[in-house]
Amino acid sequence: MPKMSMLRKQVVDLEPFLETESAGRRRGQGRRRATTPNEDRYLVLTAQRHGYMNATLLQQHLRSATDTTVSTQTVRSGIHSVGLYARRPLGGISIDGCTDFYIIRDGPLTAHRYRDEIFRPIEVPYATAIGDDFILMDDNSRSHRANLVEDSLFEEGIVRMEWPACSPDINPIEHVWDALGRRVAGRQPPPQTLQELEKALLEEWDRIPQLVINSLIDSMPQRCLTLLAVRGNHTPY
């Protein structure tokens, strides 16, 4: 099986929030969310005090404190609406290796940023080191599929795997994100600031055993067979 590099934007599993504006609901943000003002304040305060918490953890804390259950998207939308945004980590894995861990700071990952900060300095050298067997496996996010990125792939001669929409259960890197999140959350004491979180992410990324990564990638044929067997429905992966 050809070697693959898997680079994917991590959105849910590890989503520390960065305050860029004063907290408070801004006008013109559409219909109200399924939370009360007190619950809104609780989410904002919790996100501010615990920068390492992601949307899932905030959802669980809200449910424990108020017995209110909302979706993680509701949590994320509410946090974003008051000026709290994420620094999102990126990393790539392959058989017998992985890329450096990179954190997107100060704004969203646009196609230009993806090309200039990820593709050219990280993916291209990594692909060159692996050789002709390299196949890029990313996802269908807008920044990955822009024309300028397509042009860069063609210029560098990098082959990209065709990837169906809404298919995280067949992407092995999802399990790596999960392992990384559990490792960071299990640190004692847990990270309390964005700087501490970044340090923890970098350290724990380097500690993930390569044998674990290899086994996940080796599971790709079985993942695909299982997906075909259930005709695209939910799989145990």
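**Fold, contacts and backbone**

Author: Of the 237 residues of the chain, 47% count as buried. The model is predicted.

Reader: How many helices and strands are there in the chain?

Author: Both kinds of element are present. The chain has 10 helices and 9 strands.

Reader: Among contacts between residues at least 6 apart in sequence, what share joins residues at least 24 apart?

Author: The count covers contacts in the chain between residues at least 6 apart. The share joining residues at least 24 apart is 71%.

Reader: Stacked, or edge-to-face: which describes the rings of phenylalanine 101 and tryptophan 177?

Author: The whole structure holds 3 aromatic pairs. In this one the ring centres lie 6.3 Å apart. The planes meet at 70 degrees, and over 60 counts as edge-to-face. So the pair is edge-to-face.

Reader: How many residues apart in sequence are the parts that this pair of phenylalanine 101 and tryptophan 177 ties together?

Author: Phenylalanine 101 sits in the loop between strand S6 (97-98) and strand S7 (102-104). Tryptophan 177 belongs to helix H7 (residues 173-185). Both residues are buried. The parts tied together are therefore 76 residues apart.

Reader: Which residues do ring pairs link into a cluster?

Author: Ring pairs build the cluster. Its members are Phe101, Trp177 and Trp205.

Reader: At what angle do the axes of helix H9 and helix H10 cross?

Author: Helix H9 covers residues 210-218, and helix H10 covers residues 220-229. Leu216, Ile217 and Asp218 in H9 meet Met220, Pro221 and Arg223 in H10. By class, that contact has 4 nonpolar, no polar and 2 charged residues. The axes come within 5 Å and cross at roughly 40 degrees.

Reader: Is serine 219 buried or exposed?

Author: Serine 219 lies in the loop between H9 and H10. A polar atom of its side chain is 2.5 Å from the backbone oxygen of leucine 216. Its relative accessibility is 15%, and the limit is under 20%, so serine 219 counts as buried.

Reader: What is omega for the cis peptide bond that joins glutamine 188 and proline 189?

Author: Most peptide bonds are trans. Proline 189 is in the loop between H7 and helix H8 (194-207). For its cis bond with glutamine 188, omega is about -5 degrees.

Reader: Is aspartate 67 buried or exposed?

Author: Aspartate 67 is in the loop between helix H2 (55-66) and helix H3 (72-81). Though not a glycine, aspartate 67 has a positive phi of about 65 degrees. Its relative accessibility is 67%, so aspartate 67 counts as exposed.

Technical notes
Residues numbered from 1 in each chain as written. Predicted model: local features only at pLDDT ≥ 70, side-chain atom pairs only at ≥ 80, totals over all residues. Heavy atoms only, no water. Helix = DSSP H or I, 4+ residues; strand = E, 2+ residues; numbered from the N terminus. Buried < 20%, exposed > 50% of the residue type's maximum accessible area, 1.4 Å probe, protein only. Contact = heavy atoms within 4.5 Å. Phe/Tyr/Trp six-rings, centres within 6.5 Å; stacked < 30°, edge-to-face > 60°. Axes fitted to C-alpha atoms, helices over the stretch in contact; angles between N-to-C directions. Nonpolar A, V, L, I, M, F, W, Y, C, P; charged D, E, K, R; others polar. Polar contact = N/O pair within 3.5 Å; in protein donor to acceptor, adjacent residues only side chain to side chain.
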